[in-house]
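Please look through the structure below and follow its strands and helices one group at a time.

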Amino acid sequence: MASNPGILTEWPWTPLGNFKYVVVAPWAIHSIYSFIVNDGEDRDLSYFLIFPFMLFRMLHNQLWISLNRYKTSKGSGRIIDKGLEFEQVDRERNWDDQIIFNGLLFFLGSRHVSGGRNLPMWRGDGFVITFLLHAGPVEFLYYWLHRALHHHYLYSRYHSHHHSSIVTEPITSVIHPFGEHIAYFLLFAIPLYTMALTGTGSIISYAVYVTYIDLMNNMGHCNFELIPNWIFSLFPPLKYFMYTPSYHSLHHTLFRTNYCLFMPLYDYMYGTMEKTSDELYESSLKRNDEAPDVLHLTHLTTPDSIYQLPLGFASLASEPHTSTWYMWLMWPVTFWSMMLTWIYGRTFVVERQRFDKLKLQTWAIPKYNLQYFLPWQNEAINSLIEEAILKAEEKGVKVGEELNRYGGLYTRRYPQLKVKVVDGSSLAVAVILNSIPKETTQVVLRGNLTKVAYAIAFSLSQRGIEVATLYKDEYLKLTKSLSATKSEVVLAKGSASKIWLVGDGLSKEDQLNAPKGTMFVPFSQFPLKKLRRDCFYHCTPAMKIPKSLENVYSCENWLPRRVMSAWRIAGIVHALEGWNEHECGYAMSDIDKVWEATLRHGFQPLILNASPNKY
């Protein structure tokens, strides 16, 4: 929102929320119906293709979003180091509004503008006219409109909304108030309307021109430099006719320079070209991939979780992961994305952060949660993790957070590893222990007995808290592992305890048989399915992160905003403290020491909501 919003700020369909696409539905249905039932001159291909072209534009923009986030996470060519935040993601989530707006105007033009019907596939004269008019009137008028929008009166009411984003993303290019978009469309309509009036229009000319605008807009708002300098060396005058991402980035940081649309010619003509443009361009091109200090390895969970990655849909990634009905409509794309990850078969960078002096990166392993339970996938998964650890060693990473159970496999195989492998179990245990009310005398431990589960049971026994199990096999495993007495670990099928520490393997019947008012505290990395409205559900082991942890604009799986899993935080704390030890295999760091260090660095425990079935 602009600092002092003017008239025509909101889009007309804003009250419709996610149902805004219904405004396009009548036109889309009519165009498809007309194409099917008519023939000959009454069948208008250009009218029919408007809706598919809208979908193409959305896909085109999404590809730029994913590319920009991938490249800026890696670091090569990055222009500005400052990170994104949730505020910017929320402000830019309605980037498709301008596609809806343009689509409606194209539908209207096709029906009611002379020369807008039954366009041929191609006409060369219209194509030439379009780009001559763009280079002349459109670029010239935009330049002066843009300068006018930087006048205090218009800037405070309209254009300041766009400039709220200092670190730009491709979609930042279309984040403007509705009134501003009307002005822009009137400019871009000059070539389009001229083609219609002169009868020189064609489907390809319209499509290419609009795609050119989208491409240049998206490219110019990337936060990485991608135009190689050999292009300008080969044809020096090109610098007057094509801007670069770093060129426009200076406009967003300095505000009063580099006003042009796509052609810097007008900045040169009127003396508004920033003198450091070439310097920033060269320095950005020279930036290589960033070597992180802390590497977090993660993997995909469900097939549709790929959309929740920061590289996926920005609006979905900025909210906790939930399964929604409309994601089923994406199953063809989901299927091919699964095939792509299977074929690509390599870890890839998904995001970066900065905390204190540490550079953090997250790499995703192209495997889904289900594959971790398939024995024949173990070798492939271990190979990918091993490859990632060795790559981290090569890059000089200090701490690598591994996610494959007991990572001692890798430290034994490579005893000279400088990168410290941390599985985060100690902090996960600490978070669980500090989630239990102080007056607790007994807890129920239920679920698959993992390294974390055994450590929790041992720590509780040391504190004099009785650990109850529901099944004999779990009881025998715990007593054997802990050398515990019956007073510390008990077999109690009908336990009245209302503190249940649960992991993967908790059955539906167990959950339904728990006493009313039970607090379920998961000790696994995956959340519990909530079946009871009369019980309390804690989230998986996690903590709130400090405000000084930068570039956090996506949620970690199902966790709330600015909340990070204990396993991930543990690696950061390990690096901050400079601990020179692995925490993997059966080894575990001192739980109290890790907890105190975590609190000292500003991470905060989560507080359980007082109402049932919420946290």
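Strand β6 (residues 442-446) and strand β7 (residues 466-469) run parallel and are joined by three bridges. Strands and helices here are DSSP runs numbered from the N terminus, a strand being E with at least two residues and a helix H or I with at least four; two strands pair if DSSP finds at least two bridges between them. Within this pair, Val443 has Val467 of β7 as its bridge partner. This is a predicted model, in which local features need pLDDT of at least 70 and side-chain atom pairs count only at pLDDT 80 or more, while totals for chains, interfaces and linings use all residues. Residues are numbered from 1 along each chain as its sequence is written, and side-chain values use heavy atoms, with hydrogens and water left out.

The two strands belong to an open sheet of six, ordered β8-β7-β6-β9-β10-β11, with parallel pairing. At its edges stand β8 (489-491) and β11 (536-537); each has a single partner strand, so one side of each has no neighbour in the sheet. Helix α20 (residues 472-482) packs on this sheet and touches β6, β7 and β8, where contact means heavy atoms within 4.5 Å. The direction of α20 makes about 160° with that of β8; axes are lines fitted to C-alpha atoms, for helices over the stretch in contact, and angles run from 0 to 180 degrees between N-to-C directions.

Another open sheet has five strands in the order β2-β3-β1-β4-β5, and its pairing is mixed. Its edges are β2 (348-355) and β5 (420-422), each with a single partner strand, so one side of each is left without a neighbour in the sheet. From one strand to the next, the twist averages 20°. Strand β3 (residues 358-365) runs antiparallel to β2, and seven bridges join them. Arg352 stands opposite Gln361 in β3. Helix α16 (residues 378-395) packs on the sheet, touching β1 (294-299), β3 and β5, and its direction makes about 155° with that of β3. Helix α22 (residues 566-577) lies across β1, β2, β3, β4 (399-401) and β5, at about 170° to β4.

Helices also pack on each other. Helix α5 (residues 97-112) and helix α8 (residues 178-198) pack at about 45°, with axes 11 Å apart. That angle makes α5 oblique to α8, since under 35 degrees counts as roughly parallel, over 145 as roughly antiparallel, 65 to 115 as roughly perpendicular and the rest as oblique. The contact involves Gln98, Phe101, Asn102, Leu105 and Phe106 of α5, and Phe178, His181, Ile182, Phe185 and Leu192 of α8.
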